[in-house]
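Reader: Could you walk me through some local features of this model? I'd like to jump between topics as they come up.

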Amino acid sequence: MKKLNSNQIRKLWIDFFTEKNHLLIPSSSLIPKNDNSLLWINSGIATLKKYFSAEKKPPSKRLVNYQRSIRTGDIDKIGITARHQTFFEMLGNFSIGDYFKKEAIDYAYELLFSEKYFAFSKEKIYITVFEDDNEAYNFWIKKDIAKNHIFKMGRDTNFWDIGKGPCGPSTEIFYDRGINFDKRDAKTLIERDIENDRFIEIWNIVFSEFNNDGNNNYKELPQKNIDTGAGLERLAMIFQKTPTNFESDIFKPIIKELEKLSTYKYLWNYHPTKLLKENKKQWEINSEFKKIADFTRSITFMLADQANFSSTGRGYVIRRLLRESIIIAEQLEINYDFFTNVIPIICENEKEAYPHLLLNQEKILNLIFDEANKFNKTYTQALKILFEYKELNKLDTDHLFKLHETYGLPLNLSYLKKIAKKYQIEVDYKRLAYLNDQFKLKSKQNTNFTKGMEIQKKLFPNFKNTEFLGYKDYQKIIKAKVIAIKDNYLVCDKTIFYATSGGQESDLGTIDNINVLTVFKTENDLFVHLLEENPFKIGQEVSLKIDLDRREKLTKNHSATHLLFKALEITLNQTLKQEGSKVDSSYLRFDFAYSKNLLWEDLKKAEKIVNDWIRKGFKSEIKILKLEDALKLNPGYLETKNYKNFVRVVKLNEKTIDLCGGTHVDNIKIIEEIKIVKLEKKGSGVYRLIAISGKEEIKKYLISQNIELLNKKGNNLIKKIDQLIYENKKVISSEKLIDLNNIKQEILNLNLSDDNFKFKLNNIIIKSKDIFDFINNLKNEKLKSKLEKILEQNKNLIYYDLENFLQKDLIAISLQVIKNYQNKTLFLALFKDDKYTLFIILGKNNLFIKEIDHFIEILKKNGLQGGGKNQLYIFGGRIINLVKIKEIIKKFIEEKQNA
């Protein structure tokens, strides 16, 4: 047997089957396209299902692929067994109505045993076949596989059947790693299907030859198929003769990097079962390294495929893996930011098959950094509360679960046992499981994404879809028949009311003059109208009328959403993934994933692109096409949405074409104009953009913004001018007084609907600042002159009251003046807004410095706090009796002056 690295194994597989006229299908994204049955791609065939079901014609009847896959069902086995991971790569070869059983076994035999390829020894290979599949058994016998190396097995292990649909027997191929891994033989371990680390299943070949009608009646398929899968990580373990997958070249660089960051070390090339018996502590350490390596590898691929952290669905899976990794890392004394070291190792190691990892490396790191920082804060808080509970003797199973519910404290068994030991808690694991089940049930009940489906099942279970006339006849008042009623819910045989879907809010209006509050659509396209009141009867004819002004605004905003999203992609030179949208009558909003910092300048560029398109105009084109034909046009669409066989294709201009069921303008000129009004960051690498459309709406928005600006800045400036005039009557010249009053008048004369309102107001503020600075400088010059006159007195300690000076100006001028009077001390008192501040400015040669500590004590006893050093001391506080504090200070000065 050769020693091959993972890239060489993959290449040999691909080379072998391409030589056998198989077309290479490179790995698809982990996120399924048009398949709501899967959260993640979980096998090699998952991306090829439509070829096997004949929904789509395959590019070739013979296919070979390597496919990145995720399975989190066995997450508790990670780091425990030799071969389980959450992320793995499947190698596969497939025949769709071409070759079948004999050729599939021929190919398997050649790849396994040929010196040109895997060059395995026959003694190391064991085979299983379905007990009734004598054909497959005989094919292996003819290949000179020893009878005691072939086992006939039952349906549980060797018949692939998932209910209704194609199914068939399978043959599995096992590699024997020897008695060092288990002394029991193949007859015991394989035939009895006992979990072990000696006989490793490396390849499964399914012969899809029957169709199950759903009632376990089986009919032979006219077109028979081959579906196979081989795990790359398992093959790497075998070719490199490592105890587990985690010592192979796929994981070793990751664990080596983690070792550098930890005070603990991984024990290499030691069989885990033996290690568990001999050194349980080290076995636990090895397991923790393995988990971090696997979880981090999974997270890297998930984020590279445009998934993101969230509290539901895929995002929750990534979040859980990240949190588990951080907590396990803590147990190995690895800091939570270890990802910055490990992610580049993974991206570099996998670059041959997955070059997109390196391209997305910066984005991945940014997303993880944000999420890890947030979790580290909540986790630290959870541990703090955990300690507080312990101190108060309140720590029990319910409190432990509360920390999971509120702060995300993990519930995995190994972690809980460590926490229980550390904090001496008796954990009731059955109670914990019950609480977790109740929490999940509550979470499920609180979600409203199934509202339409629940209404359909509970209230209107047997009705067909409503005829929707709202694309063309929405301006008419139409007659319809009531076909179903429940409480204030009403269904008609036809409607012009658009139902909330695709991010667009529903139409509003009336049914026989009774207000329609909202409209939603069930799974089978039943349009349910929620009414303010419901006096209607089944069979009654009613008149439906929508709010045309609202529809027009919704339509403009929906078309503007498409245009703006495309313009943003052009500006950022990147295909963006939409994370949700809302089209309301007053605004449009959409969230999108973008890993870099988004600049306002980028948004203005996108806005300009859209407005240029609108000015030029374009008559929209809307067609109903087969999904496969629509996808050939390369439209924008939601990968997570399950589209029907026929879809609505909306083309708004030469750049913008999307699959969409919403309402859209006939010509984009109708939109008139768009304006982006807000950008928010919603989380790790997700932005929310809000915009408005229509000249009248934009004008209203600008006026409201200008009113806010006027109240905030303009009126504030008027108050400052009035205050400046009042405080500086003696300083301000008549000329400057006129200037200040003119500025006030300019503010009052501003036009709120002026596009340049903000610019003009800012100019006024700048102009006023010049006058303010001039008056302030003049006032400061007078202060300087005044202080110099005071210091000319034949006294060493001088007290002086001031008002209407800025603290920074007062300090700067005082320190400047005292330079020429180094044997003197100034006591300057500033009283403003009930706050008294005393500044003590000391000349360098002043003897009062010896008395400063005593003086500070006097000030503190009378409600003043502060301090200082060198030449400046500052004290302040709210004074109840100003006269008294002044007398105390003046008395002290007189005593020292006369001493």
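Reader: Is Lys-260 buried or exposed?

Author: This is a predicted model, and in it Lys-260 counts as exposed, at 65% relative accessibility.

Reader: And which residue does Lys-260 form a salt bridge with?

Author: Its partner is Glu-257, and the closest N and O atoms of the two are 3.4 Å apart.

Reader: Where do Lys-260 and Glu-257 sit in helix H8?

Author: They are three residues apart in H8, residues 252-261, and therefore about one helical turn separates them. In general, an α-helix has 3.6 residues a turn, so residues three or four places apart point the same way.

Reader: How many salt bridges does the count come to?

Author: The count comes to 46 salt bridges. One of them joins the side chains of Arg-83 and Glu-195, at 2.5 Å from N to O. This pair links distant parts of the chain, 112 residues apart: Arg-83 lies in the loop between strand S2 (62-70) and strand S3 (87-96), while Glu-195 lies in the loop between helix H6 (186-189) and strand S8 (199-212).

Reader: What about accessibility, for Arg-83 and for Glu-195?

Author: Arg-83 counts as buried, with 12% relative accessibility, whereas Glu-195 is partly exposed, its relative accessible area being 48%.

Reader: Which residue does Asp-754 meet in a salt bridge?

Author: The side chain of Asp-754 meets that of Lys-760, with 2.7 Å between N and O. Asp-754 is buried, at a relative accessible area of 19%, which is under the 20% cut-off for that class, and Lys-760 is partly exposed at 39%. Elsewhere, salt bridges with shared partners join Lys-101, Asp-133, Glu-135 and Glu-209 into one network.

Reader: Switching to helices, how do the axes of H23 and H24 cross?

Author: The axis of helix H23 (residues 734-748) comes within 11 Å of the axis of helix H24 (residues 757-791), and the two cross at roughly 160 degrees. That angle makes H23 roughly antiparallel to H24, because angles over 145 degrees are counted that way. As for handedness, the crossing in which H23 passes H24 is left-handed.

Reader: Which residues are buried in H26?

Author: In helix H26, residues 852-861, the buried residues are Ile-852, Phe-855, Ile-856, Ile-858 and Leu-859. They lie on the same side of H26, because the arc they cover around the axis is only 160 degrees.

Reader: What does the face of H26 turned away from its buried side carry?

Author: That face carries the exposed residues Asp-853 and Lys-861. Just after H26 comes Gly-863, which takes a positive phi of about 90 degrees.

Reader: Last topic, the open sheet: what is the order of its three strands?

Author: The order is S20-S21-S22, with antiparallel pairing. Strand S20 (621-626) and strand S22 (657-659) stand at the edges, and each has a single partner strand, so one side of each is left without a neighbour in the sheet. From one strand to the next, the twist averages 25 degrees.

Reader: How many bridges pair S20 with S21?

Author: S20 pairs with strand S21, residues 646-651, over six bridges in the antiparallel sense. Within that pairing, Leu-625 has Val-647 in S21 as its bridge partner.

Definitions and conventions. Residues numbered from 1 in each chain as written. Predicted model: local features only at pLDDT ≥ 70, side-chain atom pairs only at ≥ 80, totals over all residues. Heavy atoms only, no water. Buried < 20%, exposed > 50% of the residue type's maximum accessible area, 1.4 Å probe, protein only. Helix = DSSP H or I, 4+ residues; strand = E, 2+ residues; numbered from the N terminus. Arc of directions from axis to C-beta. Salt bridge = Lys/Arg side-chain N within 4 Å of Asp/Glu carboxyl O. Pairing = 2+ DSSP bridges. Axes fitted to C-alpha atoms, helices over the stretch in contact; angles between N-to-C directions. Parallel < 35°, antiparallel > 145°, perpendicular 65-115°, else oblique. Left-handed = near helix turned anticlockwise from the far one by under 90°.
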